[in-house]
Amino acid sequence: MPFPGGLWWLLCCRQGFTLLRRDYGDADREADGEAEEEEEASFELRAQGDQGSLEVNLSQPTRSNSGSERSLLVAEEMRSLIVEKGPGPVEDDPDALVKGWLQREVRGGVKTPWIRPRKYWFVLTPDSLDYYSSNEKGARRLGSLVLTSLCSVLWPDKQTYKETGYWSVTVFGRKHCYRLYTEHLNEAVHWVCAVQKVIDSKAPVQTPTQLLMRDVEEHCGSPEVLEQIYRCNPILRYTSSPLYAPLLPFPYGSLDQSAPSPRSYTTLRDEAVKLFNSLQQLESERDPVPLMQGVLQTCLDLPPLVDEIYCQLVKQTTEPPAPGGQSDLHYWQLLTCMSCTFLPSPPILRFLRFHLDRTESRFPASEMAKYACFIREALGKTKGRECVPSLEEILVLMRRQEMICTVHCPGAPACSVAISSHTTAEEVARELVSRLGLSQSPNLFALYEQSRRREQPVGNATLLADVLTSLAGEEQDPPCRLCFKHYGFLDTDNVPRDSLEFALLFEQAHEMVLRGYVPTSEETLQTLAALRLQSLNSDFSTHAPFPRLEELFPPRVLHARLPPPCHRPPPKCRGARLRAGLLAGGLWGQALAKQRAERDQRLRGWLREEGASTMAAILEKWKLLQGMGRPEAMAAYVALVREWPGFGSTLFDVNLRVSALGAVPQRLWLGIGAKAVSLYKPGEPEPLDSFCYGRISSFGASDSSTFRLSVEDRDLLFETSQVDEIAQLLNTYLASAGAQRPPRPHEPAATSPPAPPGPPQGLCPTPVSRPHRPPVGSFHS
């Protein structure tokens, strides 16, 4: 049924007024809102070119509800930043760098093609990005984005183009974010480059805090001037009011969330304000440790905020209402944790040290002075952390004490070592070498992270506090622990049998046997298990404590005896697979699960029977060792293991990548010893091939899971998850042997410095920490 004429007229008028309100009413409100926001809270920005005198007098920033209450300082500053535009023709603007039609927001595109897109006339000048209702003379300016060195611009991305059909250009300002759209990629790129060029041409801005820090540094020798600066500028002193802007300048725009992070963050400016609110919560917290750890974690995730937190803590510990009170000490305790975790930039570091000196001079012999002294010493040692301090470490730092680290030594009692947040693995290893009397040993030692599933050495430069934090975060049974053991064997024949080092050698040989890294007969393995029992319990006795079989005999040998499970080949046709899937989901599935449970039960019973028979054979051999003492049993055990030619080498499970197309990589053992690198087939006593170091031209990591070994005229590629450990051990043996790397092509051979002396004996000489990949090695014999 057709509409009456009057109704059509009413609908058309309503639609027309809607369009007029959209084009003019919304634009007026938008322009008024932007002008009102541009006048707000811009107190902290200054350009280096407009500094004037240093008589800065700023109070704590506050927000006002009406325009009449805004400070004169803000209005004057914004008038200096925003250039007034006259009513002249837009097309004839002499300051215009780029101009053209762009869309402020997408109202059309692929999803809604029937709505007409709304465009504005944009003009880029050396000071701002303005947009007008049209390009005609006397057109109304609808908005302006002041460009400073803190602004940023994002390049157009394909995802927005796929969703809307337009290329986007995003410009971040202090109060506004302009998202501009165009249908042409080259036009979008042209705008991005032009805006970025204007941003790069701006002088760096400075906040009042930075200007006052420089003023304090210049007048540090005049107490009267300093007191006047602190008295006249509350921004340097403690405040109980919230902070509405950061103390340091941060670029505008969103953070890059492409990197994986357990926490989501907004802009740096917003995060800085949130952190100040967290700092103020410390004053009333009964247990401030979790809150302190959260602040430290945010600084670790967002490194640009480190300087900001230092400035905020200095501000809150300057002239507090109750110096030395509980709330004030919470700030000092967090400042202590920060000094042991992060190192500020040089300007902030100088200001922080001045603050520490000022506190010690004003409050001598107080708790604040003690914290200041501790922080000054920590700043001289801090180099950066991989992890934030654990809750236990924070509690220790709050008391300005040291932590106790327990290091387990195979064949010897565990050692307790006092460490700080700056103690490295090399320092602990040196202390243990000296404490255990191993200084004269030719072999190398190191600390290991040890668990039931993995074992890896700790780099010399690694902080023990980071290692303990990472170990505490791993929930395993038994828990992970630190262990002190041999790292490289340079001489195993001349180790005295009555020494502690021989006990370490014996325990390490036993670990190799249990892991299946000593290929020998089952009869020899049973003899080794009997010798192990003799060294633990002396002569056979039914009342002696008896360890489990997996602590005496390699478990993989027992598992190798089990019959292989019969795998039925999967059906080839699609219909057969569908019928098999339907049967597996019904009653047949329950029957199959029951069959698998019965088969697993039979295998466990078989394994118990095999274990009982193996244990009986071990007991019979143990009875034959009647009268053998513990040193003799240990010596016999090591002698049997030493019969394998690869004893003393460190074995790594690798897959040799075969160059043939479609060939499956071959699983091998890569043995790295003091004199050669060997390849073993797992379980075989003789090596497939062996390369002395004179035949190896270079080695290194091709990628994170591939190790490359160049031997004469061929390259061997090994797939392994222990690329760093292999390269680190090779570098260690080369450094011990005194091998030198030849100069690279870009290095002048004549001016190369002489090679440093060899590393001290008794320590792992590799200074590479865990997260850093060792450089590619290249050497000649």
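**Cavities, pocket and cores**

Three cavities of 30 Å³ or more are counted, a cavity being a set of points on a 1 Å grid over the protein atoms alone where a 1.4 Å probe fits but cannot get out. The model is predicted, so local features need pLDDT of at least 70 and side-chain atom pairs count only at pLDDT 80 or more, while totals for chains, interfaces and linings use all residues. Residues are numbered from 1 along each chain as its sequence is written, and side-chain values use heavy atoms, without hydrogens and water.

The second largest cavity holds about 60 Å³ of space, a volume being the space filled by probe spheres set on the points, which are joined across faces, edges and corners. Its lining residues (an atom within 4 Å of a point) include Thr209, Cys311 and Phe351. Helix α9 (residues 305-316) gives the most to this lining, three residues; helices are DSSP runs of H or I with at least four residues, numbered from the N terminus.

A pocket, by contrast, is an open set with protein on both sides within 12 Å along at least five of seven lines. The largest pocket contains about 1,600 Å³. Of its 47 lining residues, Gln450, Ser451, Glu455, Glu511 and Arg515 lie nearest its centre.

The largest nonpolar core has 59 residues, and Leu334 is among those with the most contacts inside it. Such a core joins buried Ala, Val, Leu, Ile, Met, Phe, Trp, Tyr and Cys residues through side-chain atoms within 4.5 Å, where buried means under 20% relative accessible area (1.4 Å probe, protein chains only). Another core, of 36 residues, lies apart from it and includes Phe489 and Phe553.

Conventions: Helix = DSSP H or I, 4+ residues; strand = E, 2+ residues; numbered from the N terminus. Buried < 20%, exposed > 50% of the residue type's maximum accessible area, 1.4 Å probe, protein only.
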